[in-house]
Amino acid sequence: APWGYSKENGPATWHKDCPIANTGVRQSPIDLITTGQTCAKYDSNLKPVIVSYPAFSEATFLNNGHSVQFQPSAGNLSELSGGPLTKKYKFEQFHFHWGNNDSEGSEHRVNGKMYPAELHLVHWNSESPNFSSFQEAVGSNDPHALCVLGFFLKVGAENASLKPITDLLSKVKNAGSSVSFPGKFDLKAVLPETLTDYYTYDGSLTTPPLAECVKWIVFKEPIEVSTAQMEAFRAVDDGHGKPITGNYRPPCPLHTRTVAASFK
Ligand SMILES: NS(=O)(=O)c1ccc(Cc2ccc([N+](=O)[O-])cc2)cc1
Ligand SMILES: [Zn+2]
């Protein structure tokens, strides 16, 4: 049976098809601890993250039964560099994780606190000699084949930049449904102006195949969305006629990893 987030097919069962779920030593997400022994360590060498996201003109918005995903057509030129990265990365897609109430939903946590949702911007290393597509990157065993930018969502004012996305959620209510995104979408407008304060660590995909190929960059500043915008996520169905309730994986052991912080 395909994986999901219910009792029968949720994170505690993923090890059956995906042993790395239990044997991996760099699994994601993690709890980002900011004080004490195993806490994030300030690294003054960490530079601001640089994104070049021209407005997307052609994209598909899909409900794949375990999240909603915005995927631009192959020709998109959006790129990522800077921060902890030594290479340029190409944008692949963004998607969300959320809960069915405001006290849960994010995958990463900060000192045990969960946010109501988390936005993931997924990129792949476009300068590697070993692969030349996202799918190849995931299968490459390269420790930094992918870079995912994580942004926490918190409830507050309506987010006008994300409105075109949250207004589309009712159009992809059924799992497997997708729509071609009408008009242009400016992802840059969704993000905070300065991408200077973040945590970064080596991790994995947070869903099967849980490949350990991700350089994670999780930003300290949450993005605000309204209660109505949060409710729109909670009305998206999982393919069994039920809303997706909590498509987030619990935090994984840090093992010998360290987390770096770009801020004091
Ligand atoms: N949540 S996350 O770690 O940012 C994440 C990012 C991207 C993906 C998408 C994906 C990643 C890999 C595969 N695969 O190898 O079959 C299929 C889909 C899955 C999960
Ligand atoms: Zn994700």
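**Note on the predicted model and its ligand**

1. **Overall fold.** The protein chain has 4 helices and 15 strands. Its radius of gyration is 17 Å, close to the 18 Å that the globule rule gives for 264 residues, so the chain is as compact as a globular protein of that length. Along the principal axes, the C-alpha atoms fill a box of roughly 45 × 40 × 40 Å. Please keep in mind that this is a predicted model.

2. **Where the ligand sits.** Look for ligand 1 in the largest pocket. It is surrounded by 15 residues. The closest are His95, His97, Leu205, Thr206 and Thr207.

3. **What the shell is made of.** Sort the shell around ligand 1 by class. There are 7 nonpolar residues, 7 polar residues and 1 charged residue. Three elements each supply at least two residues of this shell: strand E7 (89-98), strand E9 (117-125) and helix H2 (134-138).

4. **Polar contacts.** An N or O atom in its side chain is 2.7 Å from a nitrogen atom of ligand 1. Next comes histidine 97, with a polar side-chain atom 3.3 Å from a nitrogen atom of the ligand. Histidine 120 has a polar side-chain atom too, and that one lies 3.4 Å from an oxygen atom of ligand 1. These pairs count as polar contacts because the N or O atoms are within 3.5 Å.

5. **How much of the ligand is covered.** Taken alone, ligand 1 exposes 470 Å². The protein buries 77% of that area.

6. **Two cis peptide bonds.** Most peptide bonds are trans. Check two bonds here against that background. The bond from serine 28 to proline 29 is cis, with omega near 0 degrees. Proline 29 is in the loop between helix H1 (20-23) and strand E1 (31-32). Proline 208 and proline 209 are also joined by a cis bond, where omega is about 10 degrees. Find proline 209 in the loop between strand E12 (198-203) and strand E13 (214-219).

7. Most residues other than glycine have a negative phi. What is the phi of asparagine 141? It is near 65 degrees, a positive value in a residue other than glycine. Where is asparagine 141 found? It lies in the loop between H2 and strand E10 (146-155).

How values were computed. Residues are numbered from 1 along each chain as its sequence is written. Chains are lettered from A and ligands numbered from 1 in the order in which they are written. This is a predicted model: local features need pLDDT of at least 70, side-chain atom pairs count only at pLDDT 80 or more; totals for chains, interfaces and linings use all residues. Side-chain values use heavy atoms; hydrogens and water are left out. A residue is near a molecule or strand if one of its heavy atoms lies within 4 Å of it. A polar contact is a pair of N or O atoms within 3.5 Å; within protein, one must be able to donate a hydrogen and the other to accept it, and residues adjacent in sequence count only if both atoms are side-chain atoms. Accessible areas come from the Shrake-Rupley method with a 1.4 Å probe; for residues, only the protein chains shown count as cover. On a 1 Å grid over the protein atoms alone, a cavity is a set of points where a 1.4 Å probe fits but cannot get out, and a pocket is an open set with protein on both sides within 12 Å along at least five of seven lines; lining residues have an atom within 4 Å of a point. A molecule sits in a cavity or pocket if more than half of its atoms lie within 2 Å of its grid points. Ala, Val, Leu, Ile, Met, Phe, Trp, Tyr, Cys and Pro count as nonpolar, Asp, Glu, Lys and Arg as charged, and the others, Gly among them, as polar. The radius of gyration is taken over C-alpha atoms; the globule rule is 2.2 Å times the number of residues to the power 0.38.
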